[in-house]
Amino acid sequence: MTTNTQKDTPMTLDATTRETLIAIVREAGRDIVMPYFRQLEGQQVQQKSAPTDLVTIADQACERQISARIAAAFPDWVIVGEEAVAAQPEHLQAIASADICIIIDPIDGTWNYANGLSNFGTILAVVVKGETQFGLLYDPDHDDWVYAHKAQGAYFQRPGQAPIKLQITPETDLKSLVGILSLHGFKGEQQRHLALSAPLFQRFLSLSSCHAYRQIALGIFHFNLNYQLMPWDHAAGVLVLQEAGGVARTLTGEDYHPMLHDGQLLAAQSEAQWQQLAKLLNPR
């Protein structure tokens with residue numbers, strides 16, 4: 001974690017800053033993430049809190065490289081990375097106190113990555129005084145990305161092509177909805193309730209947070225119910241979703257912000273869809 005902060009630093013997240021951040025993330029994808037993909041050896045994968053909670057040598061190296069490049073380009077920004085917080089949990093508090101904080105998930109979907117599945121990505125969010133101002137969802141395998149600026153829209157982009165603005169057209173037929181959730185993460189009666197709710201929809205799938213938010217913003221999938229609220233999983237994606245016209249709120253009705261670490265987050269294509277889903281998916 002880097003903690004070079006000046007209280008009077010202005011926030012100037014212009015196109016040049018955006019392109020610098022995208023270039024840094026793409027470079028890490030080329031240098032580290034993809035060379036290790038399907039090339040990891042046993043000792044290069046370690047378990048953290050659970051058998052499905054993994055960290056690889058690529059996660060750690062990717063976060064170090066991105067952090068170093070950002071510190072060099074933006075020395076006054078505070079950097080909070082998932083792996084740095086795993087080593088020192090108190091670093092998570094910097095999101096609330098920093099003037100400008102950048103949150104990094106070097107490889108979102110590490111279990112997939114470690115097992116050779118292409119359902120992973122790099123997530124980056126810029127938070128200013130506690131509010132997300134920029135979000136990036138990068139797919140290293142295909143080298144394309146979705147990004148959003150606060151109050152400026154969400155966009156999909158490929159190398160050498162102009163960005164395409166994203167605007168969700170909500171699906172209203174319940175039977176047509178494709179939802180994203182991992183049943184194993186829910187417990188007890190709620191897990192049973194969600195399993196029994198599955199026939200109401202076209203299907204449930206499990207995706208990394210990076211691809212979950214991308215797919216909803218692109219209008220391919222329709223909603224996501226997540227049982228964990230770590231900021232590197234959601235800060236960027238929620239902004240992308242909102243800028244594309246979607247809604248994200250906890251099942252108890254609380255609006256999402258990067259300092260919110262407890263609860264279950266429901267992301268949907270519209271307010272009406274969110275209200276309908278919240279009633280169906282909440283067993284209480």
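Visitor: Why is C62 called buried in this model?

Guide: The model is a predicted one. C62 has a relative accessible area of 0%. Buried means under 20%, so C62 is called buried.

Visitor: How do you know that C62 is in no disulfide?

Guide: The nearest cysteine sulfur, that of C210, is 12 Å away.

Visitor: What about C101, and how many disulfides are counted?

Guide: For C101, the nearest cysteine sulfur belongs to C62 and lies 17 Å away. Since the cut-off is 2.5 Å, C101 is in no disulfide. The count for the model comes to 0 disulfides.

Visitor: Which residues of helix α9 are buried, and what makes them line one face?

Guide: In α9, which spans residues 271-281, the buried residues are Q273, W274, L277, A278 and L281. Viewed down the helix axis, these residues fall within an arc of 130 degrees, so they line one face of α9. On the other side of the helix, A272 and K279 are exposed.

Visitor: What covers the buried residues of α9?

Guide: The cover includes helix α6 and the strands β12, β13 and β14.

Definitions and conventions: Residues are numbered from 1 along each chain as its sequence is written. This is a predicted model: local features need pLDDT of at least 70, side-chain atom pairs count only at pLDDT 80 or more; totals for chains, interfaces and linings use all residues. Side-chain values use heavy atoms; hydrogens and water are left out. Buried means under 20% relative accessible area, exposed over 50%, partly exposed in between (1.4 Å probe, protein chains only). Helices (H or I, at least four residues) and strands (E, at least two) are DSSP runs, numbered from the N terminus. The arc is that of the directions from the helix axis to the C-beta atoms. Contact means heavy atoms within 4.5 Å.
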